[in-house]
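Take a look at the fold first, then read on.

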Amino acid sequence: MGKRVAALFLAAGYGSRLQRDIDADTSGNFAHLKGIAKALLPLAGTPLISHWITILNASTAADVVPFVICNESNYPQFKQWAATAGAAGGFIPEHIFNDGSINNDGRLGAVTDLALAIKKFHLADIDASSHQPKFAAVLVIAGDTLFLRDFGLDSFLKLATLSSGAVSERLSELQEQPPCFVASYRVAHDMDTLKTGIIETSPTDIISTAASTGYTASTDIPRVTSLVEKPHPAETASRLACPCFYYLSHSSLNLVQKFVDDSLTRGEGMEARDASGRFIAALVKQYPVYAVPVSGRLDIGGLASFIEAEDYFRN
């Protein structure tokens with residue numbers, strides 16, 4: 001087993017669009033989903049987050065320990081899940097934190113929740129006896145997202161944990177400031193840039209992978225130079241989407257709270273801290289962040305995307 005990594009599920013959103021779609025649906029086929037947190041939506045009969053727990057438990061590249069941050073309204077649902085399906089997967093009930101928000105208008109924002117969870121669960125702490133980080137990194141995962149079946153978590157983690165012989169000399173040069181990693185995939189249509197954060201990457205600062213990671217030797221892992229939230233396709237030549245799946249190395253974790261504090265000092269509204277990508281946009285300006293390719297994802301936004309995800313799992 002490799003390094004110890006925390007996996008933090010950001011699940012404090014309210015799924016307002018999905019709930020509106022369910023209310024507007026006249027078929028009645030989805031009424032049973034009313035009020036269910038998106039991370040707990042059943043896909044092929046299994047809660048979305050339980051699919052992730054299965055993936056995390058199967059990892060041999062790292063000792064992955066899952067945590068969840070949710071809101072007050074959905075907290076009872078997550079407690080129930082932790083006592084049943086979560087417990088069956090080895091999830092620890094005490095690894096759920098309620099951020100205290102009670103409705104969508106009062107939500108804290110994803111970056112604030114990330115900062116709260118890092119502090120609550122001591123994810124950035126140093127072990128008193130070994131003087132080493134308790135967790136080498138935090139793997140941040142959106143509670144409404146799953147990758148496609150060909151996604152290899154161990155391949156991603158072998159690269160991100162700088163496994164011996166798995167990466168090029170470029171990462172050896174970065175050992176003093178271990179880089180962060182994000183997932184990225186190419187959007188299917190130009191106008192899809194309006195739906196997600198889009199990253200731009202360096203054509204020259206690239207990590208070469210070795211076969212031991214599971215990636216081919218020709219796979220390019222480029223450095224991220226910028227992230228723009230939902231740009232018009234005319235605003236950028238890039239078509240690389242960046243979903244909320246981030247490997248934040250231990251030495252970068254203090255920058256999350258700093259981002260929140262700086263935003264509050266500037267008098268910015270919650271919207272400046274609402275999307276997790278806003279933190280990544282700031283991070284890439286001061287820290288090495290590299291983009292690991294994935295083939296795509298299932299993103300539960302509204303009812304149509306839930307139906308697509310359900311069909312994907314059943315077929």
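Is D299 buried, partly exposed or exposed? With a relative accessibility of 31%, D299 falls in the partly exposed class, where buried means under 20% relative accessible area, exposed means over 50%, and partly exposed is in between (1.4 Å probe, protein chains only). Keep in mind that this is a predicted model, where local features need pLDDT of at least 70, side-chain atom pairs count only at pLDDT 80 or more, and totals for chains, interfaces and linings use all residues. Residues are numbered from 1 along each chain as its sequence is written, and side-chain values use heavy atoms, with hydrogens and water left out.

**Salt bridges**

- There are 11 salt bridges in the structure, a salt bridge being a side-chain nitrogen of Lys or Arg within 4 Å of a carboxyl oxygen of Asp or Glu.
- One of them joins D299 to R297, with N to O at 3.8 Å.
- Another brings D190 and R239 together at 3.0 Å, N to O. This one ties distant parts of the chain: D190 sits in the loop between β8 (180-186) and β9 (197-208), while R239 is in the loop between β10 (220-229) and β11 (240-241), 49 residues apart. (Helices are DSSP runs of H or I with at least four residues, strands are runs of E with at least two, and both are numbered from the N terminus.)

**A pair within a helix**

- R314 and E310 also form a salt bridge, at 2.5 Å from N to O.
- Why are R314 and E310 separated by about one helical turn? Because they are 4 residues apart in helix α10 (residues 303-314).
- R314 counts as exposed, at 55% relative accessibility, whereas E310 counts as buried, at 15%.

**Strand β1 and its partners**

- Strand β1 (residues 4-11) has 7 of its 8 residues buried, so the rest of the structure largely encloses it.
- β1 pairs with strand β4 (residues 63-70) in the parallel sense, over 8 bridges; two strands pair if DSSP finds at least two bridges between them. Look for A11, whose bridge partner in β4 is C70.
- β1 also pairs with strand β6 (residues 137-142), again in the parallel sense, over 6 bridges. Here F9 has I141 as its bridge partner in β6.
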